Amino acid sequence: LTTKPAKLLHPSYCTICFDQEIAPEIETYEATLEKARNVGLWSNNYRGNVPVLKKSREPISAKDFADSEELTLQMGFLAAELGFNGLVDMKIKGRKVRNDGVKGYQTMLWDAEGWPVLVDEEKLSRNEFREAHWRQLHHR
């Protein structure tokens with residue numbers, strides 16, 4: 001991820017420095033990365049209700065990623081760093097980039113923007129159970 005701390009980018013460390021400074025940084029980075037994998041994403045096309053407890057004042061964005069999955073992980077990481085567990089009104093856009101030197105060669109670059117939110121996970125799970133139960137009853 002692009003937000004990896006500068007201390008963690010060195011190839012080698014002395015044992016004292018590693019134990020005192022680097023090991024806690026690695027633990028917090030790994031914990032934030034695990035939270036980022038569990039961040040809920042709701043696109044701007046989602047028609048249901050998301051039980052939001054708190055919403056950020058500013059949207060977050062990430063630009064120029066070659067992989068859309070890495071982009072969503074980066075967005076989740078940014079939201080987790082701010083203390084949120086969800087992203088609403090997510091907009092992911094892809095654009096073609098053509099190389100001038102090689103004829104016919106093109107790649108995709110991905111951009112995203114979304115609003116970090118704190119979601120009531122208990123209420124969300126109750127709503128999902130209720131919707132699944134409704135689908136089973138009305139679609140027999």
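Predicted model: local features only at pLDDT ≥ 70, side-chain atom pairs only at ≥ 80, totals over all residues.
Entry 1: I began with a search of the whole structure, and it turned up four salt bridges. I follow some of them below.

**Entry 2: E34 and R37.** I looked at this pair and found their side chains joined in a salt bridge, with 3.8 Å from N to O. Where do E34 and R37 sit relative to each other? Both belong to helix 1 (residues 15–37), and because they are three residues apart there, about one helical turn separates them.

**Entry 3: D64 and R95.** Next I found a salt bridge between the side chains of D64 and R95, at 2.5 Å from N to O. D64 is in strand 3 (residues 60–65) and R95 is in strand 4 (residues 86–98), so this pair ties together parts that lie 31 residues apart in sequence. I wrote down D64 as partly exposed at 48% relative accessibility. R95 is partly exposed too, at 34%.

**Entry 4: D111 and R95.** D111 comes from strand 5 (residues 106–119) and R95 from strand 4, so here the parts tied together are 16 residues apart in sequence. Is D111 buried or exposed? I found D111 buried, because its relative accessible area is 17%, and the cut-off for buried is under 20%.

**Entry 5: putting it together.** Which residues do the shared partners join into one network? My answer is D64, R95 and D111.

Definitions and conventions: Residues numbered from 1 in each chain as written. Heavy atoms only, no water. Helix = DSSP H or I, 4+ residues; strand = E, 2+ residues; numbered from the N terminus. Buried < 20%, exposed > 50% of the residue type's maximum accessible area, 1.4 Å probe, protein only.
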